Amino acid sequence: MKETEAPSYKDLFVRAGRRMAKQVWDRVPSNWKLEAARLAINTTDYSNGNSTPEAQGKAEQDPEVLLQQKLSELRLVRDRLPETVVIIPDGNRREGKNLGISDEEAHDLGARMLYDSLRVFEEFTEVKNVILWAWSEDNETGRPNQKAGVFRVLTKNLRELTPDLHRKKARIKRAGRVGRLRTDIHGNPLPDGDALIQEIERSEGVTKDNDGVNIILAIDYGERYERRRYSEELKRCSIDPDFASDEELEAVQDRSREIPIPDLVVRTSGEKRLSRFPFSNAAELVFIDTNLPAIQPFQIAQALKEYTDRDRRGGR
């Protein structure tokens with residue numbers, strides 16, 4: 001195999017071993033995978049008792065079967081669904097090491113699996129906003145070569161997936177600073193950042209009149225960014241926070257914040273932390289113990305179901 005060629009699914013399977021079969025399956029393009037799942041389901045009659053207990057057990061673990069089960073449960077509690085969901089996608093590089101692929105390939109695989117999981121929200125108009133934290137402020141101090149690779153993946157997936165989002169009436173928005181997107185972490189010009197900005201603007205323009213779910217891409221976004229916006233709004237309004245009422249300060253924050261207040265924050269990879277995502281102190285938290293490139297739509301649906309099952313008393 002040439003170094004420039006991506007490893008085949010067979011090569012990945014041999015390298016990772018039998019325990020990695022699920023992750024290899026996750027690398028199959030979504031439309032192939034879902035069609036295969038549908039065919040597998042349709043070829044077994046689970047209602048007439050002819051299938052073996054072992055076969056029925058496998059069917060119960062099929063990701064598509066699990067998804068349909070979770071969607072059926074959510075239809076019964078849709079009035080309790082969150083309005084704004086934040087997804088903190090994590091675990092790309094770790095899964096890439098497991099699969100023996102590059103960081104950029106792992107980010108691309110994670111983006112594809114995350115996009116596949118977004119179909120969970122298509123039916124439930126009660127969820128108005130889905131915020132994807134694609135690049136945090138803290139990422140700016142990370143690996144020098146990581147930024148360009150992540151931005152290339154974002155640009156590629158926006159270009160390829162926006163037409164489908166447009167057909168589904170989704171609206172793409174951006175939150176976060178723009179200036180630093182044009183440079184690497186050392187301040188040098190970053191052509192991949194210019195390409196990303198152009199693709200975001202194009203996607204926003206194409207989908208701006210849609211009335212479906214808002215897909216908000218939080219890029220170079222974080223707590224410091226929102227604090228700066230809040231301070232600038234106080235200054236613009238000539239408000240001294242030491243003498244302002246709580247109502248006035250709340251109104252300032254409502255005007256300055258760039259995202260809706262999250263109701264639910266979901267993080268993949270099993271890491272149980274929020275990394276200071278803004279306005280998440282009152283949100284419900286669900287941590288999925290799966291790296292992003294191995295995520296399945298039913299796990300996002302399960303996170304929504306967990307939210308509906310919780311008793312949110314608001315301090316009462």
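Biologist: Which residue with a positive phi follows helix 8?

Modeller: Lysine 169 follows helix 8, and its phi is near 70 degrees. This is a predicted model, where local features need pLDDT of at least 70, side-chain atom pairs count only at pLDDT 80 or more, and totals for chains, interfaces and linings use all residues. Residues are numbered from 1 along each chain as its sequence is written, and side-chain values use heavy atoms, with hydrogens and water left out.

Biologist: What makes a stretch a helix here?

Modeller: Helices are DSSP runs of H or I with at least four residues, strands are runs of E with at least two, and both are numbered from the N terminus. Helix 8 has 22 residues.

Biologist: How do you know what span is expected of helix 8?

Modeller: The expected span is 1.5 Å times one less than the number of residues. For helix 8 that gives 32 Å, and the helix reaches 32 Å from its first C-alpha to its last.

Biologist: Where does helix 8 bend?

Modeller: At leucine 161, by about 45 degrees. That bend is the angle between axes fitted to the seven residues ending there and the seven starting there. Proline 163 follows within four residues.

Biologist: Why is serine 269 called buried?

Modeller: Buried means under 20% relative accessible area, exposed over 50%, and partly exposed in between (1.4 Å probe, protein chains only). Serine 269 has 10%, so it counts as buried. Its phi is positive, near 85 degrees, and it sits in the loop between strand 5 (264-267) and strand 6 (284-287).

Biologist: What makes arginine 276 partly exposed?

Modeller: Its relative accessible area is 43%, so arginine 276 is partly exposed. Arginine 276 also lies in the loop between strand 5 and strand 6, with a positive phi of about 60 degrees.

Biologist: What makes a set of residues a nonpolar core?

Modeller: The members are buried Ala, Val, Leu, Ile, Met, Phe, Trp, Tyr and Cys residues joined through side-chain atoms within 4.5 Å. The largest such core has 52 residues, of which Phe121, Val130, Phe151 and Ile219 touch the most other members. Helix 8 (residues 146-167) gives the most to this core, with seven residues. Apart from it lies another core of 15 residues, including Ile88 and Val265.
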